[in-house]
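Please read the following note alongside the sequence and the three-dimensional model. The points are numbered so that each may be checked in turn.

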Amino acid sequence: MNLAKGIQGVRLENVWGREVGAISAGVVEILREHGGPTGSEADDRLRQLVFVVRDGSGKVVGMSTAFKRYIRQLRNYFYAIRLMVIPDYRIPGLTSRLLVSTRDF
């Protein structure tokens, strides 16, 4: 990867609530290769996808997921957010952009 391209070389795609069959293999591969969950837990993450990060060729190189969690002390539900970007694409500003886009959505 040419890091000189920076954050402009990648794009975010909102997939919340959509069928992700076309990208599911890429997402599961990233999870497996980089210490994420496998098996049925990986399937759960597919249902929790909010954004995927794609490189210039369209390959999935990162993702954000969210799930609803009840916080007893606050007596309310909140969304917990997870981010994962493969090491070669950990470009300054990308995780911030991914986090803010996920939160704003």
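**Note on the predicted model**

1. The largest pocket holds about 180 Å³ of space. The model is a predicted one, in which local features need pLDDT of at least 70, side-chain atom pairs count only at pLDDT 80 or more, and totals for chains, interfaces and linings use all residues. Residues are numbered from 1 along each chain as its sequence is written, and side-chain values use heavy atoms, with hydrogens and water left out.

2. A pocket is found on a 1 Å grid over the protein atoms alone, as an open set of points where a 1.4 Å probe fits, with protein on both sides within 12 Å along at least five of seven lines; lining residues have an atom within 4 Å of a point. Grid points are joined across faces, edges and corners, and the volume is the space filled by probe spheres set on the points.

3. Which residues line the largest pocket? They are Trp16, Val50, Ala66, Tyr79, Ile81, Thr102, Arg103 and Phe105. By class, the lining has 6 nonpolar residues, 1 polar and 1 charged (nonpolar: Ala, Val, Leu, Ile, Met, Phe, Trp, Tyr, Cys and Pro; charged: Asp, Glu, Lys and Arg; polar: the others, Gly among them). Strand 4 (76-85) and helix 3 (94-104) each contribute at least two residues to this lining; helices (H or I, at least four residues) and strands (E, at least two) are DSSP runs numbered from the N terminus.

4. The structure contains 4 salt bridges, each being a side-chain nitrogen of Lys or Arg within 4 Å of a carboxyl oxygen of Asp or Glu. Side chains of opposite charge can pair when their charged atoms come close.

5. In one of these salt bridges, arginine 54 pairs with glutamate 13, and the closest N and O atoms are 2.6 Å apart. The pair links distant parts of the chain, for arginine 54 is in strand 2 and glutamate 13 in strand 1 (residues 11-14), 41 residues apart. Glu13, Arg18 and Arg54 are linked in a network of salt bridges.

6. Is arginine 54 buried or exposed? Arginine 54 has a relative accessible area of 13% and is therefore buried, whereas glutamate 13, at 22%, is partly exposed (buried is under 20% relative accessible area, exposed over 50%, partly exposed in between, with a 1.4 Å probe and protein chains only). The side chain of arginine 54 also reaches the backbone oxygen of glycine 58 at 2.7 Å. Beyond its neighbours within four places in sequence, arginine 54 is in contact (heavy atoms within 4.5 Å) with residues including Gly9, Val10, Ile23 and Val61.

7. Arginine 47 forms a salt bridge with aspartate 44, with the closest N and O atoms 2.3 Å apart. Both residues lie in helix 2 (residues 40-48), 3 residues apart, about one turn of the helix. Arginine 47 is exposed at 61% relative accessible area, while aspartate 44 is partly exposed at 32%.

8. Arginine 103, one of the residues lining the largest pocket, forms a salt bridge with aspartate 104 in which the closest N and O atoms are 2.7 Å apart. Arginine 103 counts as exposed at 56% relative accessibility, and aspartate 104 is exposed at 53%.

9. Most residues other than glycine have a negative phi. Arginine 75 has a positive phi of about 55 degrees although it is not a glycine. Arginine 75 lies in the loop between strand 3 (60-71) and strand 4, and is exposed, with a relative accessible area of 71%.

Notes:
A polar contact is a pair of N or O atoms within 3.5 Å; within protein, one must be able to donate a hydrogen and the other to accept it, and residues adjacent in sequence count only if both atoms are side-chain atoms.
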